[in-house]
Amino acid sequence: MYSIVYYSTAQPYLENRDIEELLVNSEKANNENNISGILVYKEGNFFQILECPIAEKETIIQLFERILKDPRHYNVIKVIERHNRARLFDKYRSTFKALLNPTEITAIYNYLKQEKEYNPEGYSEVSYLTQKFLALI
Ligand SMILES: Cc1cc2nc3c(=O)[nH]c(=O)nc-3n(C[C@H](O)[C@H](O)[C@H](O)COP(=O)(O)O)c2cc1C
């Protein structure tokens, strides 16, 4: 699997319905394109995990290029881009205000556990930021 993880800041002019539309459209497009992961919007920020099979990695590389240029957010900070052993999210889901269910929380923890193996130096920062953002700590 190939995956990209980033944080960004939403444009303050975005209204709740704009964000909901963005989340719903992303969820639909990704599920149609064999992309799994999660997009969370919370208090003016986005957090997204994108993953797809390595053979199709261009799909998310190109998607991330489009996302980078999207005027609806700024300060896009990529924290992870690499190969992963396994798919950690069975599908793609968007959530407003970080209403995560236990399965999603487990998937994120498993993702972080893998990160520890791949990136022992950067792990604690990524893990802290992610858990803080998702209000898991
Ligand atoms: C925070 C954020 C996350 C996004 N995530 C996705 C996504 O996961 N999948 C997707 O297809 N588009 C996503 N988009 C929208 C893309 O930037 C872009 O508008 C969309 O892919 C359509 O591109 P096109 O108009 O060039 O076809 C996201 C946009 C933002 C601002």
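## Briefing: ligand shell and selected residues

Glu 43 is placed in the loop between β2 (36-42) and β3. This structure is a predicted model. The briefing begins with the backbone at Glu 43 and at Asn 75, both of which have a positive phi without being glycine. The ligand, which sits in the largest pocket, is treated next. Single residues of the strands, helices and loops follow.

**Backbone with positive phi**

- The loop residue Glu 43 has a phi near 45 degrees, a positive value in a residue other than glycine.
- Glu 43 counts as exposed because its relative accessibility of 70% is over the 50% cut-off.
- Asn 75 also has a positive phi, of about 55 degrees, and is likewise not a glycine.
- The setting of Asn 75 is strand β4, which covers residues 73-83.
- With a relative accessibility of 48%, Asn 75 counts as partly exposed, because this class lies between the 20% and 50% cut-offs.

**Where the ligand sits and what surrounds it**

**Polar atoms facing the ligand**

- In the side chain of Ser 26, an N or O atom lies 3.5 Å from a nitrogen atom of the ligand.
- In the side chain of Arg 66, an N or O atom lies 3.0 Å from an oxygen atom of the ligand.
- In the side chain of Arg 72, an N or O atom lies 3.2 Å from an oxygen atom of the ligand.
- The ligand taken alone exposes 620 Å², and the protein buries 71% of that area.

- Arg 72, whose side chain has an N or O atom 3.2 Å from a ligand oxygen, belongs to the loop between α2 and β4.
- Arg 72 is 50 residues from Leu 22 in sequence, and their C-alpha atoms are 9.4 Å apart in space.

**Buried residues**

- Ser 8 has its place in strand β1, residues 2-10.
- Ser 8 counts as buried because its relative accessibility is 1%, under the 20% cut-off.
- Which side chain does Ser 8 join through a polar contact of 2.8 Å? The partner is the side chain of His 73.
- Ile 67 is a residue of helix α2.
- Ile 67 is buried, as its relative accessible area is 13%.
- Between Ile 67 and Leu 50 the separation is 17 residues in sequence and 11 Å in space, C-alpha to C-alpha.

**Separations along the chain and in space**

- Glu 32 is part of helix α1 and is exposed, with a relative accessible area of 57%.
- How many residues separate Glu 32 and Lys 113 along the chain? The two are 81 residues apart, and their C-alpha atoms are separated by 28 Å.
- Arg 87 lies in the loop that links β4 to β5 (92-96).
- Arg 87 is partly exposed, its relative accessible area being 30%.
- Arg 87 and Ser 3 are 84 residues apart in sequence, while the distance between their C-alpha atoms is 9.2 Å.

Methods. Residues numbered from 1 in each chain as written. Predicted model: local features only at pLDDT ≥ 70, side-chain atom pairs only at ≥ 80, totals over all residues. Heavy atoms only, no water. Polar contact = N/O pair within 3.5 Å; in protein donor to acceptor, adjacent residues only side chain to side chain. Areas by Shrake-Rupley, 256 points an atom, 1.4 Å probe, with all protein chains shown as cover. 1 Å grid on protein atoms, 1.4 Å probe; cavity = no way out; pocket = protein on both sides within 12 Å on 5 of 7 lines; lining within 4 Å. Sits in = over half its atoms within 2 Å of the grid points. Helix = DSSP H or I, 4+ residues; strand = E, 2+ residues; numbered from the N terminus. Buried < 20%, exposed > 50% of the residue type's maximum accessible area, 1.4 Å probe, protein only.
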